[in-house]
Amino acid sequence: MAWYKLEAMLWQEVQEIVPAKCDLAFLPVGTIEAHGAAAIGTDNIIPIAIADYLGERFRAIVAPCVHYGITKSLYGYAGSLTVRPEIFTEYILDILHSLQDKKFRRVVIVNGHGGNNSALKDAAYRAFQEFGLKVAVVHWWTLCEDVTQEVYGGPGGHAGRDETGFVMSIDPKYGKKARYDKMLAYKMNAGADVFPIPGSVLIYDKDGRGEPDFDAKKGKVYADKVKKRMGDFLEDVFERWAKFFPE
C-alpha cells in the first residue's frame with residue numbers, strides 16, 4: 001500500500017479514506033540522544049520501522065514521527081537534544097486532538113524512548129478523558145522483554161544488544177563497532193541519580209548482561225519477532241475496544 005504514510009498522501013485521499021475505510025493512526029515518538037556506538041536517532045528509527053509494519057498489517061495510516069522527546073540523563077552528550085516535559089505533554093496532546101478532529105478514532109503511539117513514558121501516558125489519558133479518543137501507548141522494549149530473552153538469552157539495555165541489533169537490522173551503518181569502548185557501558189544503580197550519566201550504554205541487569213554485539217543478522221531476527229509481537233498485542237487490544245467500546 002503506497003497511501004498509508006500520511007505525509008505522502010493528498011488531502012483528498014485522506015478525506016476519502018478517513019474514517020470510512022480507516023479510523024486508525026500510528027504515531028511514532030522518540031527522541032534524539034546518545035546511544036553508545038549507535039545512531040543518536042535510534043529512538044526514532046526503530047519506532048518508525050515498527051509503525052510502518054503495523055500500518056501495513058492493520059491497513060492504517062502512519063503519522064509523521066515526533067523526533068524530539070524528553071532527554072535527561074544523556075543530555076550531556078554531544079548531539080543530545082531535549083524538550084521540557086510540560087511542553088512535550090501539551091505538544092503530544094495537541095497532535096492527538098488534531099488526529100481526533102480529522103476523524104481518527106483510534107491512535108497507537110509507538111514509543112521508542114523511556115524518558116517519554118510518563119508524559120505520553122498523561123497525554124493519552126487526557127485525550128481519552130477530554131475528547132474520547134482511544135489511545136494505546138506501547139513501549140516496544142518493555143512489551144517485548146520476553147522476545148529479547150528468547151533471541152539474546154538475557155536482557156537488553158539502553159543502546160544494548162537489543163536496541164543496537166534492531167537499528168542495525170534497518171541499516172548496518174547505524175551501528176559502528178569500531179567506535180565501541182567497554183567504558184561506554186554503565187551499570188545502572190537504583191541508589192544513585194548521576195547527571196551527566198557516566199556512560200551512554202545503560203545496563204539494567206544485575207549481572208551486567210546486555211552490551212551490544214553489533215550483529216545485524218541476529219538483529220533482523222529480533223526485529224521481526226518484535227514487530228510481530230507488537231502486532232499480536234494490538235490485535236487483542238483492538239478486538240477488545242470493538243467489543244467493549246463500540247462506536
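Modeller: Strand 3 and strand 4 (residues 134-139) pair in the parallel sense, over six bridges. Strands here are DSSP E runs of at least two residues, helices are H or I runs of at least four, and both are numbered from the N terminus; two strands pair if DSSP finds at least two bridges between them. This is a predicted model, in which local features need pLDDT of at least 70 and side-chain atom pairs count only at pLDDT 80 or more, while totals for chains, interfaces and linings use all residues. Residues are numbered from 1 along each chain as its sequence is written, and side-chain values use heavy atoms, with hydrogens and water left out.

Colleague: Which residue is the bridge partner of Asn111 in strand 4?

Modeller: His139 is the partner of Asn111 there.

Colleague: How many bridges join strand 1 to strand 3?

Modeller: Six bridges join strand 1 (residues 24-29) to strand 3, and the two run parallel. Phe26 has Val108 of strand 3 as its bridge partner.

Colleague: Why is strand 3 largely enclosed?

Modeller: Five of the six residues of strand 3 (residues 106-111) are buried, so the rest of the structure largely encloses this strand. Buried means under 20% relative accessible area, with a 1.4 Å probe and protein chains only.

Colleague: What is the order of the strands in the open sheet of three?

Modeller: The order is 5-7-6, with mixed pairing. Strand 5 (157-158) and strand 6 (185-187) are at the edges with a single partner strand each, so one side of each has no neighbour in the sheet. Strand 5 is joined to strand 7 (residues 201-203) by two bridges, and these strands run antiparallel. His158 stands opposite Leu202 in strand 7.

Colleague: Turning to helices, at what angle do helix 6 and helix 8 cross?

Modeller: The axes of helix 6 (residues 145-152) and helix 8 (residues 216-244) cross at roughly 150° and come within 10 Å. Helix 6 is therefore roughly antiparallel to helix 8, a term for angles over 145 degrees. Axes are lines fitted to C-alpha atoms, for helices over the stretch in contact, and angles run from 0 to 180 degrees between N-to-C directions.

Colleague: Which residues meet there?

Modeller: Among them are Asp146, Val147 and Tyr152 in helix 6, and Lys218, Tyr222 and Arg229 in helix 8. Contact means heavy atoms within 4.5 Å.

Technical notes:
Angles under 35 degrees count as roughly parallel, over 145 as roughly antiparallel, 65 to 115 as roughly perpendicular and the rest as oblique. Buried means under 20% relative accessible area, exposed over 50%, partly exposed in between (1.4 Å probe, protein chains only).
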